[in-house]
Amino acid sequence: MRLSRPPFAPVEFKDVDLLDSAYYATGDPHALWAHLRQNEPAYYCDPADGREPFWVLTRYEDVARVLRDHRTFSSRRGTMLCIIDLSMPDFASDEMMPDTDPPRHRQLREPVSRALTPRAVASQEDALRRIVHELLRPALDGEVFDLAQAALMFPMAFTGTLMGLPREHWRRMAELTTMTIAYDDPDYSLGDPKQTIRLAHHELFDLFRAEARDRLATNREADDLIGILRSMNVDGERLTEQQLILNCYALLLGANVTTPHATSTLVMAMAEHPEQFEAARKDPELRRPLVQETLRWASPASHFMRYAVRDVQLHSRTLRAGEPVSVWLGSANRDERVFERPYEFDGTRTGNRHLAFGVGPHYCIGAGLATLGLEVFLDELLNLVERVEPAGEPVHLASNFVAGYKHLPVRLTPRAGARRRPMAGPA
Ligand code: HEM
């Protein structure tokens with residue numbers, strides 16, 4: 001998705017199909033969101049073609065309110081707008097962490113979240129450095145390098161390791177997770193969007209099933225994330241195989257479809273703002289706020305969804321019980337009511353209350369890991385690279401859910417004497 005800035009061209013927003021994936025690759029969603037925040041903060045989007053209407057909330061305070069208030073806005077019927085009929089029951093309801101409400105949600109989440117606290121993931125720092133080296137090494141010959149394609153393997157490698165997934169499947173798993181959210185993108189679609197999602201789910205679930213059965217057959221206990229899922233109790237019972245698979249899927253999807261785009265956005269921002277890159281080299285204290293600003297700027301997960309449990313009045317409209325409500329994180333993170341100079345990338349920004357990881361009970365469980373990964377990535381980029389330059393037009397991913405790059409050609413000028421470690425990384 002283009003990270004555009006005002007002045008925006010006038011938006012004929014009534015003509016925009018908010019579900020249309022191609023719009024997010026070639027249109028100007030930031031212009032549309034600015035218009036909605038200003039003029040229709042509670043917008044009822046009716047595709048008028050048989051697909052169910054849904055509410056669109058774009059202001060920061062409304063987005064945060066919905067995500068915090070699980071009693072009024074439930075996750076049980078699914079949390080993503082996609083081509084699948086919103087009026088259909090969600091087969092993962094109450095089974096998969098993102099599609100549950102407290103108190104069941106807490107039981108599914110807590111054992112996993114204990115393994116992903118910032119303190120727990122700090123032990124991953126060396127492994128993350130190795131992965132970043134491996135990812136950047138081919139770029140250090142000064143040739144044009146497609147950062148977006150390389151970055152797809154970044155979360156796959158660290159989450160694959162933490163989950164204990166066999167390395168030989170990582171490349172295919174990264175591709176399959178992208179297919180589930182870019183089902184209309186010509187490079188990922190099999191032609192029919194529903195078919196693309198179905199096949200990707202099927203193949204991914206088979207891979208998780210094989211791993212679960214292999215552990216069972218060989219009596220293999222492990223203290224990795226799959227091991228934690230296998231040993232947890234929910235309402236006094238172990239997870240069924242189906243629940244185990246769904247929660248493996250949630251973890252891998254959460255990591256794989258977001259982190260690559262924050263990584264690419266970070267590199268792009270450093271190409272556009274070489275003075276901020278230099279400042280972070282001189283002052284390591286600047287690296288943390290710079291990563292937070294990257295998350296605000298990128299907002300890789302564009303929206304999430306809830307269903308209203310009761311009637312709610314908002315901006316003189318009534319959101320009726322049972323209606324789907326989409327909240328747009330990418331818009332909230334540019335809300336001029338909350339952020340000064342929202343359309344400026346400012347790595348020294350303080351008090352950055354961005355919502356890139358959401359807020360409330362479903363706040364991203366991988367936030368600590370993703371943040372550490374991005375900080376290590378920036379650190380290593382500064383260690384290895386003198387300068388980052390764009391080397392061609394970026395191509396954006398066609399997805400109404402993920403704001404991301406499909407191709408990001410860059411040229412990296414290596415630093416003289418940059419320390420390079422020989423190590424194993426992504427497959
Ligand atoms: C830059 C990277 C990432 C971004 C921007 C991101 C964004 C988000 C957001 C906005 C949510 C809230 C969803 C909601 O309210 O319904 C979320 C939840 C979640 N994320 Fe992330 N995520 C990232 C990385 C990761 C990683 C690395 C993992 C896995 C280790 C992960 C796994 C999950 C899971 C399982 C949930 C559901 C949590 C729950 O329902 O309690 N994410 N993520």
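1. Look for Cys364 in the loop that runs between helix H16 (329–332) and helix H17 (367–384). Helices here are DSSP runs of H or I with at least four residues, strands are E runs of at least two, and both are numbered from the N terminus. The protein chain holds 17 helices and 14 strands.

2. This is a predicted model, where local features need pLDDT of at least 70, side-chain atom pairs count only at pLDDT 80 or more, and totals for chains, interfaces and linings use all residues. Residues are numbered from 1 along each chain as its sequence is written, and side-chain values use heavy atoms, leaving out hydrogens and water.

3. Which protein donor does the iron atom of the ligand have? Cys364 (SG) is the only one, at 2.3 Å. Donors are N, O and S atoms within 2.8 Å of the metal (3.2 Å for Na, K and Ca); water is not among the atoms, so sites may look incomplete.

4. Of the 427 residues in the protein chain, 59% are buried, meaning under 20% relative accessible area, with exposed over 50% and partly exposed in between (1.4 Å probe, protein chains only).

5. Asp20 sits in the segment before helix H1 (21–26). Buried or partly exposed: which is Asp20? Asp20 is partly exposed, because its relative accessible area is 33%. Asp20 and Asn400 are 380 residues apart in sequence, yet their C-alpha atoms are 6.6 Å apart in space.

6. Finally, the C-alpha trace of the protein chain spans about 65 × 60 × 40 Å along its principal axes.
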